[in-house]
Each structure stands twice: as structure tokens, then as C-alpha cells.
Amino acid sequence: IIGRKPMASVVRNDGRVLNQLWATLTFNGQTATITLDSDVPFYEENKLSPNYHQTLQSKPLPRGTFKILAPDYPKDQGMTGFYRTRPGGYPDLKHDTVWFPIENPATQNSNFVHVGHLSEGCVTMYELKMWNPLYLYLIANRTDKDGKYVGTVTIE
């Protein structure tokens, strides 16, 4: 974790300055800039959450080590596709609809590893050009015999 710094996303182009919690992610010998929280309200859509259909305030994952699950289904293209097509985006971005759930019973696995400039408590790859290598690294790994997990993330 590096710390908080206000930042407006050129790609999102919505004029909002978000209070981003910056961090560095190291994987497979590479390093990338991520955000762990954007300090925003969000609508809880996880049906397993006791807060389902409520508006909550985002917060980062606590310090610790969490297992990363294999992705289950593609997310809505409207959530990330513009990171490829808008000015300031990354035209070579691939697999942006693939989000890797983070196993965390406290949030009913509502946190993910994904690409983007807005984090509601996820491990969000802010450095767009680093998403493709991270995706390839995670998707090619299975850390258990059943193929349920693709790695771990440690928040320090």
C-alpha cells in the first residue's frame, strides 16, 4: 500500500476526482500500479450479501492473504470496455470482462481482481497495459487439484 491520493480518471471522463488508495502489485517478476479503494458509495448487487440492494461506502480489503478464485462468468462489457475505446485508454486491452473473485467470507466474495480506474474495494489494475500480462498469469495458473484457485493476493 502506498497511500491515498485524489485522482481523476482521464479514461472514465466523468469529472469525478476519486480518493484512490494506491498500491503496487508484484506478479511473475512484474510490477504494476493498482488501486484498492476509490472511497465511493456503491450499490450492493451480491445476492449472498446481507446488505443486498443497499448503498454502502467502499472500503479496501483488510491486511492479510486472500485466495483468488478462477473466474466464473464474464462481467458486463459496459463496465470496462471503454478502457479500450476512449481517449487515454489502452486499445490492446483484452479479457477486460474477466474478473477474478477474491475469496473473503466477510464480503461474500464481492471483491475481485479486475481492470479499471474505479475500485469499490477490489484489487483493481489501474495501469491498463498491465492487465493483459496479469490476466495471462492468473488464467494459466491453478493452485489446487480442482482448479478452483488461481493464486493469492497479500495486502501488506
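This is a predicted model: local features need pLDDT of at least 70, side-chain atom pairs count only at pLDDT 80 or more; totals for chains, interfaces and linings use all residues.

User: Is Thr152 buried or exposed?
Analyst: Thr152 has a relative accessibility of 51%, and because exposed means over 50%, Thr152 counts as exposed.

User: Which residues is Thr152 in contact with, leaving aside neighbours within four places in sequence?
Analyst: With those neighbours set aside, Thr152 is in contact with Thr65, Phe66, Lys67 and Ile68.

User: And how many Å apart are Thr152 and Asn19 in space?
Analyst: From C-alpha to C-alpha they are 26 Å apart, while in sequence 133 residues separate Thr152 and Asn19.

User: Let's zoom out. How many helices and strands are in the chain?
Analyst: The chain has two helices and ten strands, and read along the sequence they follow the pattern β-β-β-β-β-β-α-β-β-β-α-β. The radius of gyration is 15 Å, close to the 15 Å that the globule rule gives for 156 residues, so the chain is as compact as a globular protein of that length.

User: What box do the C-alpha atoms fill?
Analyst: Taken along the principal axes, the C-alpha atoms of the chain fill a box of roughly 45 × 35 × 30 Å. Buried residues make up 44% of the 156 residues, and among contacts between residues at least 6 apart in sequence, 55% join residues at least 24 apart.

User: Now the sheet: in what order do the six strands come?
Analyst: The order in this open sheet is S1-S2-S3-S9-S8-S7, and the pairing is mixed. Strand S1 (3-8) and S7 are the edge strands, each of which pairs on one side only.

User: In which sense do S8 and S9 pair, parallel or antiparallel?
Analyst: S8 and S9 pair in the parallel sense, over three bridges, and Val115 stands opposite Met125 in S9. Helix H2 packs on this sheet, where it touches S2, strand S3 (30-37), S7, S8 and S9, and the direction of H2 makes about 145 degrees with that of S8.

User: Which residues of H2 are buried?
Analyst: In helix H2 (residues 131-139), the buried residues are Trp131, Asn132, Leu134, Tyr135 and Leu138. Seen down the axis of H2, these buried residues fall within an arc of 165 degrees, so they line one face of the helix. As background, an α-helix has 3.6 residues a turn, so residues three or four places apart point the same way.

User: What about Leu134, is it buried or exposed?
Analyst: Leu134 counts as buried, because its relative accessibility is 4% and buried means under 20%. Leaving aside neighbours within four places in sequence, Leu134 is in contact with Leu25, Phe27, Val113 and Met125.

User: And which residues touch the most other members of the largest nonpolar core?
Analyst: That core has 31 residues, and Phe100, Val113, Val123, Met125, Trp131 and Leu134 touch the most other members. The elements that give two or more residues to this core include S2, S3, S8, S9 and H2. In soluble globular proteins, nonpolar side chains tend to be buried together.

User: Last one: what is Trp131 in contact with, leaving aside neighbours within four places in sequence?
Analyst: Beyond those neighbours, Trp131 is in contact with Leu93, Lys94, His95, Asp96, Val98, Phe100, Val113, His114, Val115 and Met125.

Notes:
Residues are numbered from 1 along each chain as its sequence is written. Side-chain values use heavy atoms; hydrogens and water are left out. Buried means under 20% relative accessible area, exposed over 50%, partly exposed in between (1.4 Å probe, protein chains only). Helices (H or I, at least four residues) and strands (E, at least two) are DSSP runs, numbered from the N terminus. The arc is that of the directions from the helix axis to the C-beta atoms. Two strands pair if DSSP finds at least two bridges between them. Contact means heavy atoms within 4.5 Å. Axes are lines fitted to C-alpha atoms, for helices over the stretch in contact, and angles run from 0 to 180 degrees between N-to-C directions. A nonpolar core is a set of buried Ala, Val, Leu, Ile, Met, Phe, Trp, Tyr and Cys residues joined through side-chain atoms within 4.5 Å. The radius of gyration is taken over C-alpha atoms; the globule rule is 2.2 Å times the number of residues to the power 0.38.
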